[in-house]
Amino acid sequence: MMRRPRWIGALLFALLLAAGFAWLGQWQLERAVESGKAVEAPSETVLPLADVAGPSSPLRDVAVGQLVEFTGTFVPEDYQLLHDRLNQGRSGWWVVGHVNLERDGRPVALAVARGWAPDKASAQAAVERLSRQADTDPQRIVGRILPDEQPEVPTDKKDPTAMRTLGVGALYNLWTGVDGMPVYAAYVVERGAPAGLVQIYSPPPIAQTELNWLNIFYAAEWIIFAGFAVFLWYRLVKDAKQREDELREEQLLEREKREKQDAMAGKNPQSEPLE
């Protein structure tokens, strides 16, 4: 049955159909692998801050960890200390400054983490030094931009301004001369550190990868369709063979029945009438 021209042609068609389904499955699988590859963002290329983020808007995912540069002026009286900040496994203090810069011809506020100190006394000494050495001229600042952190309620009720997280909203309430001024919903970790402080360890972001399971599901579906095309051909051939066998068996039974009837008729010939 399978060697008949009709079913050979059907087999070729089924194989062609299965090959098309297999190609579609491979294409879907390639798409899943391609979408799962980590996209290397140029985070270590220093870009202008204006090209990466804007004030009063959330930081885009693609911008997180990007090295940026800008020109601004530190406000001497707006330094703030953050406690319990880890720096390469060591707990200490961050010194965070307030920078004013221009964006589209108007002043904008930005938080900058300037450095780390192992204890509060060292951090306070650095703040006093930075405040005395305040430069009113704008300076170029390079650092890694990171998203705003959620503010926390101070655990020490005696010091309501104590902070552990860098919440821009909480800092904004402590800064001077910022009423009505736009502010970045992000902060910058300065590359390098002023005298008396240790540079904050801020590595480049780790590229996250995730397989596209929908494409993998589609790829599995196409492979199943490819196998079903060949199985369907086999099933059709089997059904045709079964119908042909049943028809042949019916014809054989019918012939045997006729032969038996003929044989019975030969054994009982009609008697001739008596004279």
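**Figure 1. The salt bridge between Arg114 and Glu190.** Glu190 is buried, with a relative accessible area of 12% (buried means under 20% relative accessible area, exposed over 50%, partly exposed in between, with a 1.4 Å probe and protein chains only). The accessible areas come from the Shrake-Rupley method with a 1.4 Å probe, and for residues only the protein chains shown count as cover. This is a predicted model, in which local features need pLDDT of at least 70 and side-chain atom pairs count only at pLDDT 80 or more, while totals for chains, interfaces and linings use all residues. Residues are numbered from 1 along each chain as its sequence is written, and side-chain values use heavy atoms, with hydrogens and water left out. Arg114 is also buried, at 7% relative accessible area. The closest N and O atoms of Arg114 and Glu190 are 2.9 Å apart; a salt bridge is a side-chain nitrogen of Lys or Arg within 4 Å of a carboxyl oxygen of Asp or Glu. The pair links distant parts of the chain, with Arg114 in strand S5 and Glu190 in strand S7 (residues 183–190), 76 residues apart. Helices (H or I, at least four residues) and strands (E, at least two) are DSSP runs, numbered from the N terminus.

**Figure 2. The salt bridge between Glu69 and Arg140.** Here the closest N and O atoms are 2.5 Å apart. Glu69 belongs to strand S2 (residues 67–74) and Arg140 to strand S6 (residues 139–147), so the pair ties together parts that are 71 residues apart in sequence. Glu69 is partly exposed, with a relative accessible area of 24%, whereas Arg140 is exposed at 56%. The salt-bridge count comes to nine.

**Figure 3. A salt-bridge network that includes Asp245 and Arg248.** The linked residues are Arg4, Lys241, Glu244, Asp245 and Arg248. Between Arg248 and Asp245 the closest N and O atoms are 2.9 Å apart. These two residues are three apart in helix H5 and are therefore separated by about one helical turn. Arg248 is partly exposed at 46% relative accessibility, and Asp245 is partly exposed at 28%.

**Figure 4. A nonpolar surface patch that includes Leu236.** Met2, Phe228, Phe231, Leu232, Tyr234 and Leu236 form the patch and have about 580 Å² of accessible area together. Patches are made of residues with over 30% relative accessible area and no salt bridge; like charges are joined within 9 Å, nonpolar side chains (Val, Leu, Ile, Met, Phe, Trp, Tyr) within 5 Å. Leu236 lies in helix H5 (residues 213–267) and is partly exposed at 40% relative accessibility.

**Figure 5. Helix H3 and its buried residues.** Helix H3 (residues 120–132) has 13 residues and reaches 18 Å from its first C-alpha to its last, close to the 18 Å expected at 1.5 Å a residue (the expected span is 1.5 Å times one less than the number of residues). Its buried residues are Ala123, Ala126, Val127 and Leu130. They cover an arc of only 100° around the axis, which puts them on the same side of H3; the arc is that of the directions from the helix axis to the C-beta atoms. Strands S3 (80–87), S4 (90–103) and S5 (106–117) are among the elements that cover these buried residues, contact meaning heavy atoms within 4.5 Å. The face turned away from the buried side carries the exposed residues Ala121 and Arg132.
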